[in-house]
Amino acid sequence: MNIILFGPPGAGKGTQAKKLVDFYGIPQISTGDILRANVREGTELGLAAKSYMDKGELVPDQVLIGIIKNRLKEDDCKKGFILDGYPRTVPQADALEAILDEIDKPIDIVLNLEVPDEVLVGRISGRLMCKCGASYHTISNPPKKDNICDICGGEVFQRVDDTADAVQNRLDVYKKQTQPLINYYKEKGILVTLDGTKDIEVVFEDIKAILAKFA
Ligand code: AP5
Ligand code: MG
């Protein structure tokens, strides 16, 4: 199963991707997590990406296309994959299609999580992250132990780009540069839109019902 989890910042892509990894045993490919790991490790890629990410701007397409091309060739993607946060522009989507054509692994479905702006802002401002990529919320989805990740036991923290200014910019950038992909995938007949405002478990049940026909 080759899936794109699509939606604005805070829509729940990361949250649902983690649940899908556990359920289907296919890897999550989060470009945000890959970039943040590079920033933490101080790699050349991380240094180049940081200034864009802190402001909520997109990192240049060529950088992302290179990352995805390498990642999709790894062995664990043979059974399928969940793309989270990629593609975000039409050139990224075109490049993805070319890469997947080459390895004969077309996208089966694009799950579009729809959530209104005011809900997104509330979610992002309360979000807590772990370096393993797990995502929590201070009110709706707190870790079981204060400040400790349920999954890896690491300390949770707030993302640098979850400040009010950066969040507003991320929503603007989403509308200008990423939202056009909704029509792009609608025209290909592989887009399914879901109500992302429901409870996390309910959204997951809805996703599983949609994916059942591919399993
Ligand atoms: P990225 O890390 O991808 O961030 P994003 O798209 O802004 O999305 P988020 O991670 O903020 O939201 P999410 O949908 O994963 O929500 P989550 O599940 O955490 O990208 C960061 C940056 O990296 C970009 O700004 C850019 O600079 C760069 N970048 C990455 N990919 C790129 C690309 N392809 N091209 C160029 N640049 C790129 O949930 C959010 C909160 O809500 C959590 O607290 C969660 O617990 C809670 N929540 C989730 N679902 C629900 C629910 N159903 N009900 C209640 N609360 C919920
Ligand atoms: Mg995310």
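## Ligand 1 and its surroundings in a predicted model

Ligand 1 is surrounded by 35 residues, of which the closest are Thr15, Glu57, Arg88, Tyr136 and Arg170.

The shell around ligand 1 divides into 11 nonpolar, 13 polar and 11 charged residues. At least two shell residues come from each of α1 (13-24), α2 (31-41) and β6 (135-137), and α2 gives the most, with four residues.

| Residue | Atom of ligand 1 | Distance |
|---|---|---|
| Thr15, polar side-chain atom | oxygen | 2.5 Å |
| Thr31, polar side-chain atom | nitrogen | 2.8 Å |
| Arg88, polar side-chain atom | oxygen | 2.5 Å |

Taken alone, ligand 1 exposes 1,000 Å², and the protein buries 96% of that area.

Arg88, whose side chain places a polar atom 2.5 Å from a ligand oxygen, also takes part in a contact through its backbone: the backbone nitrogen of Arg88 lies 2.9 Å from a polar atom of the side chain of Gln92. Gln92 belongs to helix α5, which spans residues 90-102, and its relative accessible area of 2% is under 20%, so Gln92 counts as buried. In the loop between β3 (81-84) and α5 is Pro87, and the peptide bond that leads from Tyr86 to Pro87 is cis, with omega near 0°.

Turning to the aromatic residues, a pair of rings is described by the distance of the centres and the angle of the planes. The structure holds four aromatic pairs, among them the edge-to-face pair of Phe23 and Tyr24, with 4.9 Å from centre to centre and 80° between the planes. Phe23 has a relative accessibility of 48% and therefore counts as partly exposed, a class that lies between the limits of 20% and 50%. Another of these pairs joins Tyr184 and Tyr185, whose ring centres are 4.9 Å apart; because their planes meet at 75°, which is over 60°, this pair is edge-to-face. Tyr184 is buried, with a relative accessible area of 15%, and Tyr185 is buried as well, with a value of 4%.

Most residues other than glycine have a negative phi, and most peptide bonds are trans. Asp104 is not a glycine, yet its phi is positive, at about 55°; Asp104 lies in the loop between α5 and β4 (109-114), and its relative accessible area of 64% is over 50%, so the residue is classed as exposed. Asn147 likewise has a positive phi, near 65°, in a residue other than glycine. Asn147 is found in the loop between β6 and α7 (164-178), and with a relative accessible area of 43% Asn147 is partly exposed.

Technical notes. Residues are numbered from 1 along each chain as its sequence is written. Chains are lettered from A and ligands numbered from 1 in the order in which they are written. This is a predicted model: local features need pLDDT of at least 70, side-chain atom pairs count only at pLDDT 80 or more; totals for chains, interfaces and linings use all residues. Side-chain values use heavy atoms; hydrogens and water are left out. A residue is near a molecule or strand if one of its heavy atoms lies within 4 Å of it. A polar contact is a pair of N or O atoms within 3.5 Å; within protein, one must be able to donate a hydrogen and the other to accept it, and residues adjacent in sequence count only if both atoms are side-chain atoms. Accessible areas come from the Shrake-Rupley method with a 1.4 Å probe; for residues, only the protein chains shown count as cover. Ala, Val, Leu, Ile, Met, Phe, Trp, Tyr, Cys and Pro count as nonpolar, Asp, Glu, Lys and Arg as charged, and the others, Gly among them, as polar. Rings of Phe, Tyr and Trp (its six-membered ring) pair if their centres lie within 6.5 Å; planes under 30 degrees apart count as stacked, over 60 as edge-to-face and the rest as tilted. Buried means under 20% relative accessible area, exposed over 50%, partly exposed in between (1.4 Å probe, protein chains only).
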